[in-house]
Amino acid sequence: MADYPSNDILTQYKAISNKLKKRFLRKPNVQEASEQYGSLAMQCEAQQMLPYAGLCWQAVARCENELGHTNGEISALVRGGKSFLQAERKGASIGCHHVGGENLQAALCCYTRAGQRSQFQGPLGMPAAAGMALQVADVLRRELDRPEAAQLHYFRAAELLRSSPMAYMHSLENIASGRVSEGDYDGALAVFEEVVSIAQGAPSPAVGCYRDLLHKCEVSQVLLLLLLQPTPSRLPARLAQLLERYTWGEHGEGADELVSEELFLLLQSLVMAIQSQDMPALRTLEADLWRHLSAEQRTLLRSLVRSVSRTV
């Protein structure tokens with residue numbers, strides 16, 4: 001049996017499960033079973049048998065649910081989700097992908113269930129549930145290259161964080177980034193506009209984190225508008241004014257100005273170069289703008305330059 005550790009684990013798992021079967025005039029000891037499943041899960045983790053560890057943590061969660069221990073159930077579900085995700089990452093790192101995505105699906109089930117149970121656990125329940133959704137979304141997007149699946153979890157996190165403006169806006173940022181990576185520029189523009197609307201409604205929108213968010217949104221929206229080339233009649237009034245400002249407006253002064261004068265003039269020059277289809281100027285501006293932009297904005301700028309080069 002020692003030569004086949006997975007068989008040994010399954011044998012132990014079945015032995016614990018048999019103890020939970022109802023017998024005549026004998027009540028199963030669920031607490032003992034929960035502890036034994038937990039011990040077996042940690043044994044599996046130590047041996048890097050991660051899918052088995054996840055299976056055992058799911059069993060712990062079922063026992064804790066039956067005992068009415070909500071916190072214990074949530075903890076076990078999170079540990080199970082973590083084990084399944086680690087198994088998925090490990091497989092992806094060596095190019096071994098399961099066709100059915102069993103480990104990933106099991107992880108998503110664990111985290112979703114944990115989030116559902118968490119959101120009703122007092123004032124910290126909603127943030128905890130949102131944090132789980134964000135964790136799953138980040139893994140899907142950044143490690144497993146599943147941006148569409150990640151969007152669903154970013155949306156869930158955003159909905160859970162509506163009552164916390166700053167956290168909600170950061171969740172919307174993630175959604176906008178996902179739409180940019182998918183080439184959904186109209187969708188990204190709309191999400192950035194929602195972030196601007198919330199930030200401008202804050203008590204002090206021109207300072208701190210709100211200012212940083214508004215700065216990012218303004219630059220990203222200018223680039224998106226240049227990519228989309230919408231007719232003025234299709235644009236909301238604020239976006240029409242934004243594009244007009246970078247077409248023939250002037251850099252302002254004071255705390256309300258979100259971008260530096262240098263960046264303002266570079267973006268204004270970019271608008272002019274695109275309108276005149278001046279590729280040499282566009283190439284120069286691309287290099288000059290590069291250090292002012294985030295990775296996501298650089299992607300937009302590169303797409304913009306490619307788009308113009310195809311029409312010249």
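Why does the 34 Å between the end C-alpha atoms of helix H4 (residues 70-93) agree with its 24 residues? At 1.5 Å a residue, those 24 residues should span 34 Å, and therefore the distance agrees. The expected span is 1.5 Å times one less than the number of residues in the helix. Helices here are DSSP runs of H or I with at least four residues, numbered from the N terminus.

This is a predicted model, in which local features need pLDDT of at least 70 and side-chain atom pairs count only at pLDDT 80 or more, while totals for chains, interfaces and linings use all residues. Residues are numbered from 1 along each chain as its sequence is written, and side-chain values use heavy atoms, with hydrogens and water left out.

**Stop 1: the end of H4.** Select Gly-95, which follows H4 and has a positive phi, near 75°.

**Stop 2: the domains.** Colour domain 1 (30-93 + 102-121), domain 2 (122-226) and domain 3 (260-311); such bounds come from an automatic or database domain assignment. The centres of domain 2 and domain 3, taken over C-alpha atoms, are separated by 24 Å. Domain 2 gives 12 residues to the contact and domain 3 gives 12 residues, where contact means heavy atoms within 4.5 Å.

**Stop 3: helix H5.** Select residues 102-118, the 17 residues of H5. From first C-alpha to last, H5 reaches 24 Å, close to the 24 Å expected at 1.5 Å a residue. Its buried residues include Leu-104, Leu-108, Cys-110, Tyr-111 and Gly-115. Buried means under 20% relative accessible area, exposed over 50%, and partly exposed in between, with a 1.4 Å probe and protein chains only. Show helix H3 (50-67), H4, helix H6 (125-143) and helix H7 (147-160) as well: the buried residues of H5 pack against them.

**Stop 4: the cavity.** A cavity is a set of points, on a 1 Å grid over the protein atoms alone, where a 1.4 Å probe fits but cannot get out; its lining residues have an atom within 4 Å of a point. The count comes to 1 cavity of 30 Å³ or more. The largest cavity holds about 50 Å³ of space, a volume being the space filled by probe spheres set on the grid points, which are joined across faces, edges and corners.

To see the lining, select Tyr-111, Thr-112, Gly-115, Ala-129, Met-132, Ala-133, Val-136, His-153 and Arg-156. H5, H6 and H7 are the elements that give two or more residues to this lining. H6 provides the largest share, 4 residues. Domain 1 and domain 2 each supply at least three residues to the lining.

**Stop 5: Ala-137.** Stay on helix H6 and select Ala-137. Ala-137 counts as buried because its relative accessibility is 0%. Not counting residues up to four places away in sequence, Ala-137 touches Ala-150, His-153 and Tyr-154. For a distance to draw, take Ala-137 to Gln-47: they are 90 residues apart in sequence and 27 Å apart in space, C-alpha to C-alpha.

**Stop 6: helix H10.** Select residues 208-228, the 21 residues of H10. H10 reaches 30 Å from its first C-alpha to its last, close to the 30 Å expected at 1.5 Å a residue. Gln-229 follows H10 and has a positive phi, near 50°.

**Stop 7: Ser-303.** Finish in helix H14 (residues 295-311), where Ser-303 lies. Is Ser-303 buried or exposed? Its relative accessibility is 12%, so Ser-303 counts as buried. Leaving aside neighbours within four places in sequence, Ser-303 is in contact with Tyr-185 and Leu-227.

Terms used:
On a 1 Å grid over the protein atoms alone, a cavity is a set of points where a 1.4 Å probe fits but cannot get out, and a pocket is an open set with protein on both sides within 12 Å along at least five of seven lines; lining residues have an atom within 4 Å of a point.
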